[in-house]
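Read the following with the model open in a viewer.

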Amino acid sequence: MSLQNLLTALDDLAADASSALGAVASLDDLEAQRIRLLGAKNGLIRSVQKLMGGLEKEDRPAGGKRFNEVNKQIEALFTEATERLGGS
């Protein structure tokens with residue numbers, strides 16, 4: 001896996017999360033998106049994280065930095081959606 005491919009996958013994931021979490025209309029929908037995006041076993045963020053193992057050693061710091069940024073972005077989007085829907 002090249003660094004560029006990982007960065008593209010992360011950008012795609014961030015865009016998907018933004019769209020999906022912006023469109024949720026209920027707490028049940030939000031929970032389904034949380035599992036799909038952030039689930040510990042099969043979440044999309046974990047799938048992309050596994051790709052980092054294929055990076056060249058010198059590309060891992062840049063890949064890890066961008067991964068952390070996208071992960072935090074998705075968590076912030078989830079928090080915003082929770083607050084918008086009146087959840088806790």
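Helices α1 and α4 pack with their axes 10 Å apart, at an angle of about 5°. That angle makes α1 roughly parallel to α4, because angles under 35 degrees count as roughly parallel, over 145 as roughly antiparallel, 65 to 115 as roughly perpendicular and the rest as oblique. The axes are lines fitted to C-alpha atoms, for helices over the stretch in contact, and the angles run from 0 to 180 degrees between N-to-C directions. Helices here (H or I, at least four residues), like strands (E, at least two), are DSSP runs numbered from the N terminus.

This is a predicted model, in which local features need pLDDT of at least 70 and side-chain atom pairs count only at pLDDT 80 or more, while totals for chains, interfaces and linings use all residues. Residues are numbered from 1 along each chain as its sequence is written, and side-chain values use heavy atoms, with hydrogens and water left out.

On the α1 side they include Leu3, Leu6, Leu10, Leu13, Ala17 and Leu21. On the α4 side they include Gly63, Phe67, Val70, Ile74, Leu77 and Ala81.

The chain as a whole has four helices and zero strands, and its elements run α-α-α-α from the N terminus on. Its C-alpha atoms fill a box of roughly 45 × 20 × 20 Å, taken along the principal axes. Of the 88 residues, 32% count as buried, where buried means under 20% relative accessible area, exposed over 50% and partly exposed in between (1.4 Å probe, protein chains only). Among contacts in the chain with a separation of 6 or more, 64% are between residues 24 or more positions apart.

Two further helix pairs can be described in the same terms. The axes of α1 and α2 come within 10 Å and cross at roughly 170°, which means that α1 is roughly antiparallel to α2. In this pair, Leu13, Asp16, Ala17, Ala20 and Leu21 in α1 meet Leu30, Gln33, Arg36 and Leu37 in α2. The axes of α3 and α4 come within 11 Å and cross at roughly 180°, so α3 is roughly antiparallel to α4. Here Ile45, Arg46 and Gln49 in α3 meet Phe67, Val70, Asn71 and Ile74 in α4.

Next comes the nonpolar interior. A nonpolar core is a set of buried Ala, Val, Leu, Ile, Met, Phe, Trp, Tyr and Cys residues joined through side-chain atoms within 4.5 Å. The largest one has 20 residues, and those with the most contacts inside it are Leu6, Leu10, Leu13, Leu37, Ile45, Val70 and Ile74. Two or more residues of this core come from each of α1 (3-23), α2 (27-38), α3 (44-51) and α4. The most is given by α1, with seven residues.

Isoleucine 45 is one of those core residues, and its place is in helix α3. It counts as buried because its relative accessibility is 0%. Leaving aside neighbours within four places in sequence, isoleucine 45 is in contact with Leu13, Leu37, Leu38, Phe67, Val70, Asn71 and Ile74.

At 13% relative accessibility, asparagine 71 counts as buried. Not counting residues up to four places away in sequence, asparagine 71 touches Leu38 and Ile45.

The rest concerns α4 itself. Its 25 residues should span 36 Å at 1.5 Å a residue, and the end C-alpha atoms are 36 Å apart, which agrees; the expected span is 1.5 Å times one less than the number of residues. The buried residues of α4 are Gly63, Gly64, Phe67, Val70, Asn71, Ile74, Leu77, Ala81 and Thr82, and they pack against α1, α2 and α3.

Threonine 82 is found in this helix, which covers residues 60-84. Threonine 82 is buried, with a relative accessible area of 10%. Its side chain reaches the backbone oxygen of phenylalanine 78 at 2.8 Å. After α4 comes glycine 86, whose phi is positive, near 80°.

Definitions and conventions. A polar contact is a pair of N or O atoms within 3.5 Å; within protein, one must be able to donate a hydrogen and the other to accept it, and residues adjacent in sequence count only if both atoms are side-chain atoms. Contact means heavy atoms within 4.5 Å.
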